[in-house]
Amino acid sequence: MSEIPKAYEPQSVEDKWYAFWQQHDCFKADPARVTERRPAYSIVIPPPNVTGVLTLGHVLNNTIQDILARKARMEGKEVLWLPGTDHAGIATQTVVERTLKKQGAIKHRDDLGREKFLEKVWEWKEKHGGIIIQQLKKIGASCDWSRERFTMDPEYSRCVQHVFVDLYRKGLIYRGKRMVNWCPASLTALSDEEVVMQEQKGSLYYFKVEVVEEPGTWLTIATTRPETIPADTAVAVNPKDPRYARLIGKHVRRALPIENQAHLPIVADDHIDPEFGTGVLKVTPAHDRADFDIGLRHQLPVIDVLNANGTMNDLAGKDLAGLDRFAARKKAAEILEAHGTLEKAEPYANNVGFSERAGVPIEPRLSEQWFLKYPATQSSQSCVAQGSLRFHPDRWAKVYDHWMAGIQDWCISRQLWWGHRIPVWTLEKGSDRRAGFDAKFAAQLGGTSPGATTTAHRFSFSGGSGAESWVRFNADNGSIHAATLSAAEEAKLVELGFVQDPDVLDTWFSSWLWPFATMGWVGESAKDNHNATLKAFYPTADLVTGPDIIFFWVARMIMAGYEFMGEMPFRNVYFTGIIRDKQGRKMSKSLGNSPDPLDLVSKYGADALRFGVMRSAPLGQDVIYDELNVELGRNFCNKLWNACRFRQMQGGDVQAEIRPDLLTNDDRWILLRLDQALREIERAYEAYRFSEVTQTLYRFFWSEYCDWYVEASKAAFFGEDTAIRANKLAVIDFVLSHTLRLFHPFLPFITEELWHGLGYAADMPAQQGGLTLMTAPWPQPLNEDEKLEWGLEESVDQVANAKIELVGLGRNLRALSNVPANKKVRFVIRPSGDLPDAELATLRLLLNADPLERATPDWKPEKGTAMVSNNLADLYLPLAGLIDTAAERSRLGKELEKVDAEIAKVQEKLANPNFTQKVPAKVLQEHQQRLLDWQTKKQQILGALANLPE
């Protein structure tokens, strides 16, 4: 047992113990150790972007995971907390491309070409990819780092390819030309979940078009996007709209481009809202989802006037071609105005979809993409609805159910270079291999054909990747869908004239496999696999994530779990809140309101940051960040440090046996309070209410243990009864050993240091706290036998509470009488019942009384004696000779005048009907309470005046 230093230095303690834990493999999981007596507990980390850095959101999320993992270890479970990072397709490619542009190396990634550009991305990943992992270690994350995964690892990539081909074979993946969300900055399609709606202030332009068959008849159309007028292929009206019904079937002259004012049909469509705008809709099938559907219903042509990068193409006309879409909007309005067809433009606010990653408005775009019909939707929806998979807080279950009920096919292809390239190979046009596919061609590819139809053939390669390596050839379109091909097999395809699809899969297509692909899954079902890790640790117990990716990730993981493993991937999902600043804004580097967590660790310590963040994070609610909470966390750590150091300074045997016959009322009370805290904490854990755990710990340790019990125990430490003193130390050791274990999931570093510093590890078995606090048994509430042995009855609480109340009353008596708290004064006490000398000594210490006299039966208080009373005793403070009576009478008189003035002020307001009848009920109640408080204060002053000595 080493001496606990006077001051707590977080940095040295944190570095020492993290290195110790890693050196002794304390975080490593071993499936061979999983038994009925040692059940498995597993949790997978939501993989941060490989090039990301630690944010307060990461601190919150990973602290919760670490709390769950550390508690599970102390409960005797075999714990796997599996870490890793995500390749983050769009984000990583954007960062690298932007960096190369700043360096002057490229103007566009095409300057390098795909292979050279990917080499640069991998270089970036190797240089920056481990930063966030090292940062997670700084805050104490107890992941099994030996199992760290990356979504572009070769093994993981094979899982992704296998899943693509499997879903394709099942008819769930298909290629089609559909309206998608297009990002003009990243030049890729996006799923609906990757689009964030933002309110934008723009203009609503009213322009008119002439009816061709009725010269002089004009229709007015309202639009927010005049730059797309050249792409209009019709105008639509509601057939029930009497204003326009007669015009259906006729034509209007398109306003733009000026050199090509085509005649557009007026079509009838029930989906047109006559109340919106003018009731006439310009139909632009290439640039609006709703218009695309109208175009399908009326077989309208499609004209695309936008390039992929958001500039206008030649079909937009000579005045707009080459302009950025927003510049073209302004130019189009000017042209309309110049030709007398713009009637007006008025301010208009509407919601516009923005690319979540690139931060630019997306474009609805007709594009050929790969889509997935979601698998296992029924099982995935019912498991949440029936409660077998639980959301915390449960309000997210309704949101999830609503989305699942209206689920749309997932656009899984992305026009990027960084990511899992789609495993589809197509025979180049003109190749003599497109027709006549037969066994001879199969042999050329290095395989044998197990069967064929007239247009499609499937065969397996005999070498390379083994039985998993297979292709399916479609002679109609010359395409091959391949899985887990080796480099040699891919080279063979290239040699024979095949070209791989240039697109990559959506990043989420790899991360939806995370719970089982990270455990070495290679395609077996849960029951058939021979993977020890999967057998022991799948499904996982908990998932901690943000509600903003409930559709991106959580829902998709559930579906993938059922489809490929036959069961849900986790049993509980905890949704964290969003960390915001005091103004309610989301933390953001661009706003400058997001502090660097490592700066906070350096300033306050990792434990302080963890405790401060968790204490202010109620279940599922947004967190208002205030550095004051981290400072409070540091103060709490200092309190814990000093309390343990005080124990060590008392010496004596460590964790001696508690003697029931020597327990004082205060001893029994703190044991009873510990039991109460243990039960409250367990209930809070069961409900995933981590902030309530911190609040209970704070109340018990700071208010009940430190502020009362330790102070009350000092009477025994200063006394001469060595047996009582030794027993009190035994109680303290019992409480502190429980407290350190309770705190460990939240404050891992300081508790480990104090556990060893106090010598609690010395007599423990190595795997039960002897080596590290991480494996010490989790504290359990006291059983009935223990309570009976120690006399922990309800009356214990009543006596202690009465004593606490009396001390508070006595201290207030000092304050009201203007007697300094640090001045030893004479008190007289008349107990209402039996009050042992040991209890009297405690009261004397806490009241700072010298002496505290026990009143004799015939003792009567002299004039000028202040008195308070409760169920325990009457307590007297003789003031004669203690204060300057004249000065005190003058002070109290002035104070009384101020109080009377305040009373009069509040009474005047409450007597005014204009105030009482108009203000909110809450304000009225506040004023009524204020009057009551001032009146109570007045009575206290009058009582103090009456008690002044002559």
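Is Arg414 buried or exposed, and what is its relative accessible area? Arg414 is buried, with a relative accessible area of 1%, where buried means under 20% relative accessible area, exposed over 50% and partly exposed in between, computed with a 1.4 Å probe on protein chains only.

Before I go on, a word on the model. This is a predicted model, in which local features need pLDDT of at least 70 and side-chain atom pairs count only at pLDDT 80 or more, while totals for chains, interfaces and linings use all residues. Residues are numbered from 1 along each chain as its sequence is written, and side-chain values use heavy atoms, with hydrogens and water left out.

Let me stay with Arg414, whose side chain meets that of Glu194 in a salt bridge at 2.6 Å, N to O; a salt bridge here is a side-chain nitrogen of Lys or Arg within 4 Å of a carboxyl oxygen of Asp or Glu. Glu194 lies in the loop between β6 (188-190) and β7 (195-210) and Arg414 in strand β17 (residues 413-414), so the pair ties together parts that are 220 residues apart in sequence. Helices (H or I, at least four residues) and strands (E, at least two) are DSSP runs, numbered from the N terminus. Glu194 also counts as buried, at 8% relative accessibility.

Glu363 forms a salt bridge with Arg325, with the closest N and O atoms 2.9 Å apart. Since Glu363 lies in strand β14 (residues 363-372) and Arg325 in helix α8, the pair ties together parts that are 38 residues apart in sequence. Both are buried, Glu363 at 5% relative accessibility and Arg325 with a relative accessible area of 5%. Salt bridges that share partners join Arg225, Glu227, Arg325, Arg329 and Glu363 into one network.

Finally, a helix residue elsewhere in the chain. Lys639 lies in helix α19 (residues 627-649) and is partly exposed, with a relative accessible area of 24%. Not counting residues up to four places away in sequence, Lys639 touches Phe701, Trp702, Cys706 and Asp707, contact meaning heavy atoms within 4.5 Å.
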